[in-house]
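Hello,

Here is the structure I said I would pass on. Please look it over first, then read my notes below.

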Amino acid sequence: MRVGVLTGGGDCPGLNAVIRAVVRKGVQEYGWSLTGFRDGWRGVVDGDTVPLDVQAVRGILPRGGTVLGSSRTDPFAVPDGIRRLGENLAKHRTDALVVIGGRGTLGIAARLHAEHGVPCVGVPKTIDNDLPATDWTFGFDTAVGIATEAIDRLHTTADSHRRVLVVEVMGRHTGWIALHAGLAGGANVILVPEQRFDVDQVCAWVASRFEATYAPILVVAEGARPSDGGPVPGSVGEWLAGEIEWRTGKEARTTVLGHVQRGGSPSAFDRWLATRFGLHAVDAVRDGAYGTTVALRGTDVVRVPLTAATARLKTVDPALYAEAGVFFG
């Protein structure tokens, strides 16, 4: 059997662990031939491949990013993309694809399977942890750890200078990173896209914190927005720091973590989860369970339809966010 592997969308820690697990189990237990398609769906459309064997995946477990490269190429948006994709799969005699990606990449896999019969098995990844089919996605734990360490370090400089420090983390549509890192790092305010915030209330929390002789740390997801619905120019963290400084007279600074959250070596949890996902993806291919993705439910890895994994965003529950409110101000 010949199996193709690709990684699409944004990179994140743990991708190489999946590739390694797929290759090791596919080769050692089933004697399969593995082919990597470079740069996500672009590699399938262009026929850009690299052979994958046990030697090729040695030493990649602790490495961040992806040795196969990634892109946001959509074959449905490429002129003649679907025909070219089919021809390249046939040329390389690809019997199945293991598709590692987030909503965009897995959504393409679901459509290719449903409309063109392309045999795909998905592996969910995103640092945002916003896929509804799985309890956790790999990459999320590493991103939260990086953000938490940054918050820990910023507490001392905030107190030393009696400044407000705003930490902007990734999360355009969901606030999972902000919520987890904010709680773990002892933030005094956490702002997420799911709950619009009142700037006056934020300033009141800031003032309350200073009254208790501590300098406040605010964690804000990049997609958080004020309740008045007005546009936020540029970085929401930078904008919010300016509003706080103007309204309270307290000096405020912003740290935008950005892509540093997606880089570096994966955490032990992410290596564990990514490895298990890869092993179970191989079993799904063996069983012909195409049109599904592996997912974590509790401690079990299960299979769910690709369509279910990409149908909607998994957002922060209001009750879960309310728990963090104990620590605001």
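**What lines the pocket**

By class, the lining of the largest pocket has 14 polar, 10 charged and eight nonpolar residues. Ala, Val, Leu, Ile, Met, Phe, Trp, Tyr, Cys and Pro count as nonpolar; Asp, Glu, Lys and Arg count as charged; the others, Gly among them, are polar.

This is a predicted model: local features need pLDDT of at least 70, side-chain atom pairs count only at pLDDT 80 or more, and totals for chains, interfaces and linings use all residues. Residues are numbered from 1 along each chain as its sequence is written, and side-chain values use heavy atoms, with hydrogens and water left out.

The largest pocket holds about 710 Å³ of space. A pocket here is an open set of points on a 1 Å grid over the protein atoms alone, where a 1.4 Å probe fits, with protein on both sides within 12 Å along at least five of seven lines; lining residues have an atom within 4 Å of a point. The volume is the space filled by probe spheres set on the points, which are joined across faces, edges and corners. Of its 32 lining residues, Gly10, Arg72, Asp128, Arg172 and Arg262 are the closest to the centre. Helix α4 (103-116) and strand β6 (164-169) each give two or more residues to the lining. The largest share, four residues, is from α4. Helices (H or I, at least four residues) and strands (E, at least two) are DSSP runs, numbered from the N terminus.

Helix α9 covers residues 268-286. Its 19 residues reach 27 Å from first C-alpha to last, close to the 27 Å expected at 1.5 Å a residue (1.5 Å times one less than the number of residues). Gly288 follows α9 with a positive phi, near 70 degrees.

The structure holds 19 salt bridges (a side-chain nitrogen of Lys or Arg within 4 Å of a carboxyl oxygen of Asp or Glu). Asp283 and Arg286 form one of them, at 3.5 Å, N to O. Both lie in α9, three residues apart, about one turn of the helix. Asp283 is buried, at 13% relative accessible area; Arg286 is partly exposed, at 43%. Buried means under 20%, exposed over 50%, partly exposed in between (1.4 Å probe, protein chains only).

Arg303 forms a salt bridge with Asp287, with closest N and O atoms 2.7 Å apart. This pair links distant parts of the chain, 16 residues apart: Arg303 is in strand β11 (residues 300-305), Asp287 in the loop between α9 and β10 (292-297).

Best wishes
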